[in-house]
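Please read the points alongside the sequence and coordinates shown below.

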Number of protein chains: 2
Amino acid sequence: MVTKARRKLRRIGRPAGSPPNRQAILAAARKQFAERGYDNATIRGIAAGAGVDPALVHHYYGSKDQLFVAALGLPVNPRDALPQLLAGGVNGLEERLLRRFLDVWAANRSGTLVGLVRSASSHEDAARMVREFFTHEVLERVIETLDLPQPRLRAALVASQLLGLAVARFVVRLEPIASADPDTLIACYAPALKRYLTGPLPGD
Amino acid sequence: MVTKARRKLRRIGRPAGSPPNRQAILAAARKQFAERGYDNATIRGIAAGAGVDPALVHHYYGSKDQLFVAALGLPVNPRDALPQLLAGGVNGLEERLLRRFLDVWAANRSGTLVGLVRSASSHEDAARMVREFFTHEVLERVIETLDLPQPRLRAALVASQLLGLAVARFVVRLEPIASADPDTLIACYAPALKRYLTGPLPGD
């Protein structure tokens with residue numbers, strides 16, 4: 001009985017003989033990223049979890065970052081957004097960063113980003129997954145591009161303020177930050193971010 | 001059978017005839033604060049929920065803020081901590097605030113504060129409760145004390161950075177913020193907080 005039921009469940013989950021589909025890959029990706037973190041998850045392991053060839057995962061999603069973005073439904077891939085933000089160098093970066101950050105959050109009507117902050121705040125696995133993705137795909141790329149002393153600390157300081165802004169505005173809805181217009185927020189936060197990016201730090 | 005079981009449960013929950021105890025009051029307080037928020041919860045309503053006289057709640061816990069701190073197991077009551085922080089005026093406030101904030105979080109071995117950030121990030125009710133308590137008992141007191149233009153915005157900007165610091169250091173554990181010593185963090189964040197408190201803002 002148990003074996004029969006299991007076989008049936010397996011058929012429902014992934015129909016035998018039908019072409020392996022994207023949903024199975026995305027589901028396997030979500031499972032692996034949550035269980036192993038972003039750094040340790042592999043295209044090969046995710047392919048195995050979905051019962052498909054790794055080449056098919058590459059064919060559909062390209063690289064691990066693209067698969068992560070698709071699996072979690074992120075509104076933007078940092079790899080696509082960062083080059084444009086960083087192209088102008090550190091000059092005015094704080095304003096470009098704030099405007100893009102607020103734009104992406106405001107446009108994210110499906111609430112994926114709020115959901116991600118909620119998961120990362122409440123589950124250790126989600127926190128690791130998000131932290132590793134963010135460190136690898138955002139912080140390290142910023143650090144590589146900007147020629148600044150203590151780039152890791154600077155990038156983390158900026159991240160901590162953007163995180164606090166996002167939680168205050170979109171999650172906890174603290175006024176007047178929750179209802180302020182983007183230009184006001186940019187004017188408020190830009191000088192602090194500029195200082196985190198280029199100002200003196202202990203240990204410089 | 002059901003009635004008998006219910007009677008038994010009621011006896012376990014709050015023994016009939018025994019003196020009404022603190023646990024019943026704290027449980028009723030947690031329920032009311034979560035359901036009605038901090039602003040709408042009343043000592044009278046909490047007393048009714050616990051089946052005791054409001055005078056007993058006042059006798060045990062004094063005022064609503066003290067009851068909230070006791071019910072949630074907060075390591076410090078902002079009403080006790082703020083006068084000392086604010087006594088020195090706005091001069092050096094950013095450093096005193098950062099040091100006290102990091103001290104309280106570091107000393108909070110039971111993890112109540114991390115738990116509170118997690119709840120507020122993931123549950124609408126908890127977010128409202130924390131936001132209202134924080135606005136009423138912290139922000140508004142800071143605003144009353146400091147003679148600054150746009151005090152509400154300034155206090156919220158400071159709060160958003162402290163929140164981001166707490167989430168980065170204690171919840172998501174983003175390096176190098178997670179392992180930095182307090183003096184380094186104070187030196188990094190103090191100039192930004194000082195600017196939020198006293199620097200020019202749009203609309204000044």
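At what angle do helix H3 (residues 43–50) of chain B and helix H4 (residues 54–61) of chain B pack, and how far apart are their axes?

1. The two helices pack at an angle of about 105°, and their axes are 8 Å apart. Axes here are lines fitted to C-alpha atoms, for helices over the stretch in contact, with angles running from 0 to 180 degrees between N-to-C directions. H3(B) and H4(B) are therefore roughly perpendicular to each other, given that angles under 35 degrees count as roughly parallel, over 145 as roughly antiparallel, 65 to 115 as roughly perpendicular and the rest as oblique. Helices (H or I, at least four residues) and strands (E, at least two) are DSSP runs, numbered from the N terminus.

2. On the basis of the model: this is a predicted model, in which local features need pLDDT of at least 70 and side-chain atom pairs count only at pLDDT 80 or more, while totals for chains, interfaces and linings use all residues. Residues are numbered from 1 along each chain as its sequence is written, chains are lettered from A and ligands numbered from 1 in the order in which they are written, and side-chain values use heavy atoms, with hydrogens and water left out.

3. On the residues between H3(B) and H4(B): B:Ile43, B:Arg44 and B:Ala47 of H3(B) meet B:Pro54, B:Val57 and B:His58 of H4(B), where contact means heavy atoms within 4.5 Å. By class, this contact has four nonpolar, one polar and one charged residues. Ala, Val, Leu, Ile, Met, Phe, Trp, Tyr, Cys and Pro count as nonpolar, Asp, Glu, Lys and Arg as charged, and the others, Gly among them, as polar.

4. On the ends of H4(B): B:Asp53 caps the N-terminal end, with a side-chain oxygen 2.9 Å from the backbone nitrogen of B:Ala55. After H4(B) comes B:Gly62, which has a positive phi, near 75°.

5. On the extent of the interface: 39 residues of chain B are in contact with 39 residues of chain A. The area buried between the two chains is about 3,300 Å², and carbon and sulfur atoms give 69% of this. Buried area is the accessible area (1.4 Å probe) that two parts lose on being put together, summed over both. In chain B, the residues that lose the most area to chain A are B:Ser121, B:Leu174 and B:Cys188, together 16% of what that side buries.

6. On charged pairs across the interface: there are four salt bridges between chain B and chain A, each a side-chain nitrogen of Lys or Arg within 4 Å of a carboxyl oxygen of Asp or Glu. One of them joins A:Arg173 to B:Glu124, with the closest N and O atoms 3.2 Å apart. The side of chain B that touches chain A draws two or more residues from each of helix H8 (112–122), helix H9 (124–145), helix H10 (151–171) and helix H11 (182–198) of chain B. H10(B) gives the most to this side, with 13 residues. That side divides into 25 nonpolar, seven polar and seven charged residues.

7. On salt bridges over all chains: the count comes to 20. Among them, A:Arg79 and A:Glu137 meet through their side chains at 2.9 Å, N to O. This pair links distant parts of the chain, with A:Arg79 in helix H6 (residues 78–87) and A:Glu137 in helix H9 (residues 124–145) of chain A, 58 residues apart.

8. On chain A: its secondary structure comes to 11 helices and zero strands. Its C-alpha atoms fill a box of roughly 65 × 35 × 25 Å, taken along the principal axes.

9. On backbone geometry: most residues other than glycine have a negative phi, and most peptide bonds are trans. A cis peptide bond joins A:Glu175 and A:Pro176, with omega about 0°, and A:Pro176 is placed in the loop between helix H10 (151–171) and helix H11 (182–198) of chain A. In chain B, a cis peptide bond joins B:Glu175 and B:Pro176, with omega about 0°. A:Gln150, a residue other than glycine, has a positive phi near 50° and is found in the loop between H9 and H10 of chain A.

Terms used. Polar contact = N/O pair within 3.5 Å; in protein donor to acceptor, adjacent residues only side chain to side chain.
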